[in-house]
Amino acid sequence: MQLITDYQNEFLAFMNKHLIEREPKNLYEPIHYILRVGGKRLRPTLTMLSADIFGVDYHKALYAALAVEIFHNFSLVHDDIMDQAPLRRGQPTVHTKWNLNTGILSGDTMLILAYQYFEQYEPNIFQELAKIFSKTAIEVCEGQQYDVDFEQQAEVSTDQYLKMIAYKTAVLVGAALKMGAIIAQTTEENKQKIYDFGLALGIAYQLQDDYLDTFGDASFGKKIGGDILQNKKTLLYLKALEKGTAEQKQELYALYTSEPKDETEKISRVTELFIATQSHTYLRERVEAYTMEAFAILDTLDIPQEKKDILKEFGRSLMNRTI
């Protein structure tokens, strides 16, 4: 088994080899920019790691890994447009650096490019990869729509929120792992279990992202308090409404339904309310709970213990990350 950094380095070399200059420049340059601007390369790494775990040379998973990474970044380009986000990974977002139309068109092209890389596989594997990819792509769009709807929805339950992040984020983590298993041509049971492992891990990952959006530092790469300014009904917000006093609930609701005179002051006060209601502690507990759920699924997989340990270490690193 390789070290996680080895997978990441090999993937970066492979990706850079395929990011060749093409015309029109204003279509492809933004694609190359967002792919090279950074990121943890979590999903392509998982595709390679999964193939390796199930006994196949992970190099065979590189094209699928690239498809996953391109799709993920396509979703980020469009997500940033919808959120009017100025920064991604500490750098200007595509629509900020170029313009709105370029962001839309380059994003569309990335989705099509992602599908093209599956053509490198033999027909039966291609068909299976395309099937999980199409299902996942639709679910990611559904998750994004739920996210948009929640901004205007007066009440959102924790179950609704968890379903939204499962679709918007976690299904792609599960799919990335399942693609490696498909390429390895392991059993259907293994394919499903590694997907379920990724789904639980992906929910934990997004909850940690929500935590860092409020309680992270400059190294996080996004504007701290961005979710608060966008009035996103994260688990922090929902739990604060549930646990807060009548006065705290009223203040929090008012902060989320009015234009702030001072953005910094709004972020500061909402953060204080999250702490006062212990919603931040609850969120950290849920991150750990979903990580442990992922590990429990992992323990049922028919693979050697040392391979399970590699996945567990990877999961722990995500649970404790600061970026």
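The following legends describe close-up views of a predicted model.

Local features are given where pLDDT is at least 70 and side-chain atom pairs where pLDDT is 80 or more, whereas totals for chains, interfaces and linings use all residues. Residues are numbered from 1 along each chain as its sequence is written, and side-chain values use heavy atoms, with hydrogens and water left out.

View 1. Helix α1 spans residues 4-18, 15 residues in total, and reaches 21 Å from its first C-alpha to its last, close to the 21 Å expected at 1.5 Å a residue. Helices are DSSP runs of H or I with at least four residues, numbered from the N terminus; the expected span is 1.5 Å times one less than the number of residues. The buried residues of α1 are Y7, F11, F14 and M15, where buried means under 20% relative accessible area, exposed over 50%, and partly exposed in between (1.4 Å probe, protein chains only).

**View 2. Surroundings of E69.** E69 is located in helix α4. With a relative accessible area of 2%, E69 is buried. Leaving aside residues up to four places away in sequence, E69 touches F11, L35, R41 and P44, a contact being heavy atoms within 4.5 Å.

**View 3. Helix α13 and its packing.** Helix α13 (residues 263-276) has 14 residues, and its reach from first C-alpha to last is 20 Å, close to the 20 Å expected at 1.5 Å a residue. K266, I267, V270, T271, L273 and F274 are its buried residues. Seen down the axis of α13, they fall within an arc of 160 degrees, so they line one face of the helix. Their packing partners are α9 (188-215), α10 (226-229), α11 (235-243), α12 (246-256) and α14 (279-299). On the other side of α13, T264 and E265 are exposed.

**View 4. The two ends of α13.** D262 caps the N-terminal end of α13, with a side-chain oxygen 2.9 Å from the backbone nitrogen of T264. Just after α13, Q278 adopts a positive phi of about 65 degrees.

**View 5. Surroundings of D210.** D210 belongs to helix α9 and counts as buried at 4% relative accessibility. Residues up to four places away in sequence not being counted, D210 touches Y161, D227, T234, L236 and L283.

View 6. A cavity is a set of points, on a 1 Å grid over the protein atoms alone, where a 1.4 Å probe fits but cannot get out; lining residues have an atom within 4 Å of a point. Grid points are joined across faces, edges and corners, and a volume is the space filled by probe spheres set on the points. The count comes to one cavity of 30 Å³ or more, and the largest cavity has a volume of about 30 Å³. Its lining consists of L201, A204, Y205, V287, T291, G315, L318 and M319. At least two lining residues each come from α9, α14 and α15 (305-319).

How values were computed
The arc is that of the directions from the helix axis to the C-beta atoms. A polar contact is a pair of N or O atoms within 3.5 Å; within protein, one must be able to donate a hydrogen and the other to accept it, and residues adjacent in sequence count only if both atoms are side-chain atoms. On a 1 Å grid over the protein atoms alone, a cavity is a set of points where a 1.4 Å probe fits but cannot get out, and a pocket is an open set with protein on both sides within 12 Å along at least five of seven lines; lining residues have an atom within 4 Å of a point.
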